Amino acid sequence: MTTNEELTTPKAIGRGFNWQLFLQDNLTGSWMQTVTVLLLAIITGSYVYGKYEELPIVTAVVVALWILGIVSIIVSEIFHKPTAVSRWLKQNLLTSFANSLLTLFVVLVLVSAVNGIWQWSYVNANFNPAETAPEFRSANGATWGVLWGARKLLMTGWLEPIHSWRVWLGLGFILIMWLFTYITSRPALKEKLRVARMVLNGFWLLSPVVLYILLAGISEGAYNVTGTITGVAVLGAIYALLWSQKVIPFSWGSIIGTVVAWPLLYTIWWFIGNSGQFPPIDPDKWGGLLLTLIIASSVIVLAFPLGMILALARRSEVFGVPAWLIWPVAVAATLWGFTTTPELLATSRNLVEQIMSFWPVIILAIAYMIHRVFNGNIVAGVGTTFIELIRSVPLITLLFMGIVMAPFFSGEGVSIPKPWLVIVGYTLFSSAYMAEAIRGGLQAIPKGQYEASDALGFNGSQKMRFIILPQALRIVIPAIVGQFIGAFKSSSLVSIVGLFDFLGINRSIVSNPAWLGLRLELYVFMAIIYFTGSFLMSSYSRKLEVQLGLGDR
Amino acid sequence: MEFEGPSQSFVDEIIIAENVHKWFGEFEALRGVDLRVKPGEVIVILGPSGSGKSTFIRCLNRLEEHQEGRIIMDGIELSHDIRNIQEVRREVGMVFQQFNLFPHLTVLENITLAPINVRKWTRDHAEELAMKWLTRVGIPEQAHKYPGQLSGGQQQRVAMARTLTMQPKILLFDEPTSALDPEMIKEVLDVMRDLARSGYTIIAVTHEMGFAREVADRIIFMDAGKIVEENTPENFYNNPKEERTKLFLNQILQH
Ligand SMILES: Nc1ncnc2c1ncn2[C@@H]1O[C@H](COP(=O)(O)OP(=O)(O)OP(=O)(O)O)[C@@H](O)[C@H]1O
Ligand SMILES: [Mg+2]
């Protein structure tokens, strides 16, 4: 095949430098190219000139280095002795005329930006917390004192200082837990510390309770005997159900543990409450970073399992309620519902209320949906409807609805603190999106995985737990962590409904006469905190992906 | 290398399929299939693509639901009762064309997951038996690798070990060698031969003629959702009864 090779190999690769080719490549190749390069040269030139007036030394150094680089490339080309540096420069920064000019331009922009930040944040800045009033501020420097001065507001909002130690304790608890988790999950120790890891996991399960006691507190009260007995009955019923479905095996140890657990935990809870050490804190006093973290972590912890349940519900194929059952029940319910219509009609004041008194037709519409759209699968129907409803409403609307409508549901005289409402609203919102992400993961699992599990005799819940979910969740880690990061950052939306989270607290800080107008300093600080949090989460997710990705090798 | 076989069955006919019909929507994939198999028999099913071979053996462990007729496996009738289905699936093992190993688990975990959670054995017992079967299929050294790190032939042998560790009495093979490169087919067929000789009841969909001639007790030829011919291997290949069979044999033997 020699002819082919001759055809495809260009002949004119000499060792000498070809000026003609060089100019054609860089300048005179086309009309557009010439104009672009000339324009770039003019812009860069004038920018360099402007910067030279402003920062003579820095600009001179940058330009000198740039020229040096070009010269070193020319020299190495002429003598055919490229050094590592000149080769790197040629490949990355000074590839062509246009690129060389752009390099100079961009480097100068960066240098002056860094210089500006440096001047503002350090050289001209005032770090004294006592000197934040306008008369102390320099025109083009930061007044960092506000961060220290307003630290209480920034971190915990209007929480009374006497409770601060509880926040510190909570923080210490979480940090220590993290530290231990980190140590015990080292590959070298993983097997040896099996028991310690189990204990630690138990503590993690308890940690929401611990944090609740620390941050919200327990009120004193009489020992609730009825509640205790109900709790035992409920737990026993769950145990019996799981056992009859063969999800858990029967053993005396586990049943005694189940029955005793509730009274034991309740008694501990009651004692802590009556010790008076952890009196209730009004959640409406939470603010700043504390509130942001409480909202974000509650949403993350609650939305994930809820989203999983929703995703499984939407895909479920069980409970095909037959039409002969749906319609009689629906018609009966509708007829019963219509018995209220005459009364409603009599008391209605306008057309809308008149129409609304025929509400039972909605029951028929729902029955039609369940029958036709979902083939009688009520579980999938409920799951799908919930997800689609939530996803078609903006988050803000949900938050407003939660706060405005809660009083109608909570009954006379009971007012639920806003943070709880916001957490519920946000959790519903987040779980709908989480559910869709998880559903995507479930759909990516090949049919063969389900068939192999069936053929091996796994029941439905085992199949999900051991085979399908571990694979599906691994696929959706990036999407789920995206949701987590979203929950962390978008929790700042709660300032719209009147909460003073980390971002919202800004308003009250800058309205203090001593810190009037010091927005930029606060925003920079917040950006750093938000960035750190999000960055930690996403790098943890990447680590997790690698760890769980073992099977894909 | 002789190993113990499956546990004893106390029925005369371990598989009874009577007039089995199966529809996919409007399309009738099985049109009245009858088959009776004695314990320890080895049956090979042949037939053109789309004739319903896979559908039939997938009905035998309820991966597909039949709509008419009866299927009785080891004395248990397959019905809507979920407990019957679970019980049958414990006795019937299936090996798929695409292996269907669980990619997120190691070979050993793949094999022991069902014995521990379905048969409720202890981990030690399950692992012991798993290693025994891995040794028998010839790859004990791969126990701690992930499926993605094995060759196709090795993966299929892991899939067999996974099925066999559950101690089934009946084995269903759906073209276990057709996703494999030629040089790997032999290692899988060797295992299948070994199993056939140690007393398992086997129904295999496979076009491997050597295997069929050597170990099959009967060959069943299906076409368009029906059993067209049932014969001994010798007669099936040398003087088939039906015209349709001859046509089919001509086609596959030309290659
Ligand atoms: N899930 C399904 N839905 C609809 N039709 C199906 C389905 N599975 C199989 N069929 C149809 O049933 C018929 C029998 O399919 P089956 O897979 O049993 O054939 P086969 O004999 O195993 O063929 P092959 O040798 O190609 O594997 C085919 O016509 C196929 O299109
Ligand atoms: Mg098939």
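This briefing covers the domains, nonpolar cores, aromatic pairs and charge–ring contacts of a predicted model. Local features need pLDDT of at least 70 and side-chain atom pairs count only at pLDDT 80 or more, whereas totals for chains, interfaces and linings use all residues; side-chain values use heavy atoms, without hydrogens and water. Residues are numbered from 1 along each chain as its sequence is written, and chains are lettered from A and ligands numbered from 1 in the order in which they are written.

**Domains of chain A**

- Chain A is split into domain 1 (3-123), domain 2 (162-275), domain 3 (286-318 + 377-511 + 518-547) and domain 4 (320-376), with bounds from an automatic or database domain assignment.
- Between the C-alpha centres of domain 1 and domain 4 of chain A the distance is 75 Å.

**Nonpolar cores**

- A nonpolar core is a set of buried Ala, Val, Leu, Ile, Met, Phe, Trp, Tyr and Cys residues joined through side-chain atoms within 4.5 Å; buried means under 20% relative accessible area, exposed over 50%, and partly exposed in between (1.4 Å probe, protein chains only).
- The largest nonpolar core has 91 residues, of which A:Trp286, A:Ile295, B:Phe56, B:Met73 and B:Ile203 touch the most other members.
- Domain 2 and domain 3 of chain A each supply at least three residues to this core.
- Leaving aside residues up to four places away in sequence, A:Trp286 touches residues including A:Thr156, A:Leu215, A:Pro419 and A:Trp420 (contact: heavy atoms within 4.5 Å).
- A second, separate core of 49 residues has B:Val44, B:Leu46, B:Leu108 and B:Phe236 among its members.

**Aromatic pairs**

- Over all chains there are 24 aromatic pairs; rings of Phe, Tyr and Trp (its six-membered ring) pair if their centres lie within 6.5 Å, and planes under 30 degrees apart count as stacked, over 60 as edge-to-face and the rest as tilted.
- A:Phe531 and A:Phe535 are stacked, because their ring centres are 5.6 Å apart and their planes are at 20°.
- Both residues belong to helix α25 (residues 519-548) of chain A, four residues apart; helices (H or I, at least four residues) and strands (E, at least two) are DSSP runs, numbered from the N terminus.
- A:Phe531 is exposed at 55% relative accessible area, and A:Phe535 is partly exposed at 44%.
- B:Phe236 and B:Tyr237 form an edge-to-face pair, with centres 5.4 Å apart and planes at 90°; both are buried.
- A:Tyr212, A:Trp269, A:Trp286 and A:Trp420 are linked into a cluster by ring pairs.

**Charges over rings**

- The charged end of A:Arg391 sits over the ring of A:Tyr433, 5.9 Å from its centre (NZ of Lys or CZ of Arg within 6 Å of the ring centre and within 35 degrees of the ring normal).
- B:Arg162 lies over the face of B:Phe102, 4.5 Å from the ring centre.
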